[in-house]
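Work through the exercises below with the sequence and the model in view. Try each task before reading its solution.

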Amino acid sequence: MIYLLISCIVLTIVLFFVYVWKNIKVSEKDLPDLQISSDNISICQEMLNIIENNHTKIEYNKDEKSNLSYYNHAKDVIILKANNSESSRIVHIAHECIHTIQNKEFLRANKNFSDLQIIYFLISLICIINSKQNRLLLIAIQLVILLGTLFVKVVIEGDASYRSINLAETYLRTKIEKQ
């Protein structure tokens with residue numbers, strides 16, 4: 001079991017170096033001249049048009065305290081943080097747009113595994129506190145659920161991270177070509 005966990009960690013580190021540290025060739029002289037709208041919703045809508053997704057809704061995060069952007073697959077809506085003007089926002093918005101075209105079964109599995117993990121953790125915690133028997137079995141089952149969750153999250157987020165770089169590059173190239 002430990003070897004499987006170590007293998008997952010090593011694979012994640014290798015994928016990180018292979019996909020994330022890949023250089024995107026956009027010259028520095030093009031970046032200051034780009035006229036990218038400061039409105040995150042219009043950027044998101046343009047990216048959704050690039051990937052031919054016309055059904056997903058976009059809205060700002062109404063929670064003043066929250067600074068999150070995410071995709072809600074149950075409602076098919078992208079929730080964007082309102083005051084995001086960082087340079088990384090293009091890739092971040094592209095990442096959320098990619099989630100809209102991913103396999104919905106994987107997105108549901110992600111939610112179900114996360115819910116199962118929380119519920120099982122609470123149940124096993126109560127069982128471990130009340131009884132000294134079967135502790136190892138409870139921990140082993142928790143580890144299996146954790147590995148399932150880890151696998152689904154790595155697939156979903158790895159796919160979205162890799163493809164979001166390509167989508168952001170395509171978006172920026174269309175902006176450069178328009179000028």
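**Exercise 1.** State what share of the residues of the protein chain counts as buried.

Solution. The model is a predicted one. The protein chain has 179 residues, and 28% of them count as buried. Buried here means under 20% relative accessible area. The accessible surface comes to about 12000 Å², and carbon and sulfur atoms hold 62% of that surface.

**Exercise 2.** Find how many helices and strands the protein chain has, and give their pattern along the sequence.

Solution. Count the elements: there are 5 helices and 3 strands. Then read along the sequence, which gives α-α-β-β-β-α-α-α.

**Exercise 3.** Determine which sense of pairing strand 3 has with strand 1 and with strand 2.

Solution. Take strand 1 (residues 57-60) to begin with: its pairing with strand 3 is parallel, over 4 bridges. Lysine 57 has valine 77 of strand 3 as its bridge partner. Next take strand 2 (residues 70-72), which pairs with strand 3 in the antiparallel sense over 3 bridges.

**Exercise 4.** Sort the residues of strand 3 (residues 77-80) by the way they point.

Solution. Val77 and Ile79 point one way, Ile78 and Leu80 the other way. All of these residues are buried.

**Exercise 5.** Identify the elements with the lowest and the highest mean pLDDT.

Solution. The chain averages a pLDDT of 80, with 78% of the residues scoring at least 70. Among the elements, helix 1 (residues 2-20) is lowest at 70, and helix 3 (residues 89-100) is highest at 89.

Terms used:
Residues are numbered from 1 along each chain as its sequence is written. This is a predicted model: local features need pLDDT of at least 70, side-chain atom pairs count only at pLDDT 80 or more; totals for chains, interfaces and linings use all residues. Side-chain values use heavy atoms; hydrogens and water are left out. pLDDT is the predictor's confidence in each residue, from 0 to 100. Helices (H or I, at least four residues) and strands (E, at least two) are DSSP runs, numbered from the N terminus. Buried means under 20% relative accessible area, exposed over 50%, partly exposed in between (1.4 Å probe, protein chains only). Two strands pair if DSSP finds at least two bridges between them. Accessible areas come from the Shrake-Rupley method with a 1.4 Å probe; for residues, only the protein chains shown count as cover.
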